[in-house]
Amino acid sequence: MKLLEDFFNTINLDISDGETFFIYDLDRIEENVKTLRRIFKTMDRTYFSVKSNPSSIILKKLDSLDICFDVSTEKEMTTAFATNSDYSKITISGPAKTDAFIRHFSKRQVKSV
């Protein structure tokens, strides 16, 4: 906890106000991606579920590492597409889709539904 307090002091962030915030270690994310690729050498592509964490900061980092995205909802599709305009790096999963959603992705080059 002392390390965390020291970190907040260096960026002048008051942690006593009760607000929620997130700290991401983008270097650690990159290390984890490299580890996954080393372990699963034969995997052609790696997919990240946008539902698990739709943070644009994380998605941009993952996109820079050539990670693909899996989405289930229109909101997740919009979030993923804002980060990565290559529909071929996006898969769509889940059972319930609106007609509008189906029309939207059927006009794109979505990799898999």
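Analyst: In this predicted model, three strands form an open sheet in the order S1-S2-S3, and their pairing is parallel. Strand S1 (47-49) and S3 are the edge strands, each of them pairing on one side only, and from one strand to the next the twist averages 30°. Between S2 and S3 the parallel pairing runs over 3 bridges, and Val71 stands opposite Ile92 in S3. Helix H4 packs on this sheet, where it touches S2 and S3, and its direction makes about 165° with that of S2.

The nonpolar core can be described next. The largest nonpolar core has 18 residues, and those touching the most other members are Phe48, Leu62, Phe69, Val71, Met77 and Ile90. At least two residues of this core come from each of helix H2 (26-39), helix H3 (56-64), strand S2 (68-71), helix H4 (74-83), strand S3 (90-92) and helix H5 (99-106), with H3 giving the largest share, 3 residues. As a general background, nonpolar side chains in soluble globular proteins tend to be buried together.

Phe48 deserves a separate word, as one of the core residues that touch the most other members. Leaving aside residues up to four places away in sequence, Phe48 touches Asn53, Ile58, Leu59, Leu62, Ile67, Cys68, Phe69 and Asp70. Two of these contacts, Leu62 and Phe69, are themselves listed with Phe48 among the core residues that touch the most other members.

Methods: Residues are numbered from 1 along each chain as its sequence is written. This is a predicted model: local features need pLDDT of at least 70, side-chain atom pairs count only at pLDDT 80 or more; totals for chains, interfaces and linings use all residues. Side-chain values use heavy atoms; hydrogens and water are left out. A nonpolar core is a set of buried Ala, Val, Leu, Ile, Met, Phe, Trp, Tyr and Cys residues joined through side-chain atoms within 4.5 Å. Buried means under 20% relative accessible area, exposed over 50%, partly exposed in between (1.4 Å probe, protein chains only). Helices (H or I, at least four residues) and strands (E, at least two) are DSSP runs, numbered from the N terminus. Contact means heavy atoms within 4.5 Å. Two strands pair if DSSP finds at least two bridges between them. Axes are lines fitted to C-alpha atoms, for helices over the stretch in contact, and angles run from 0 to 180 degrees between N-to-C directions.
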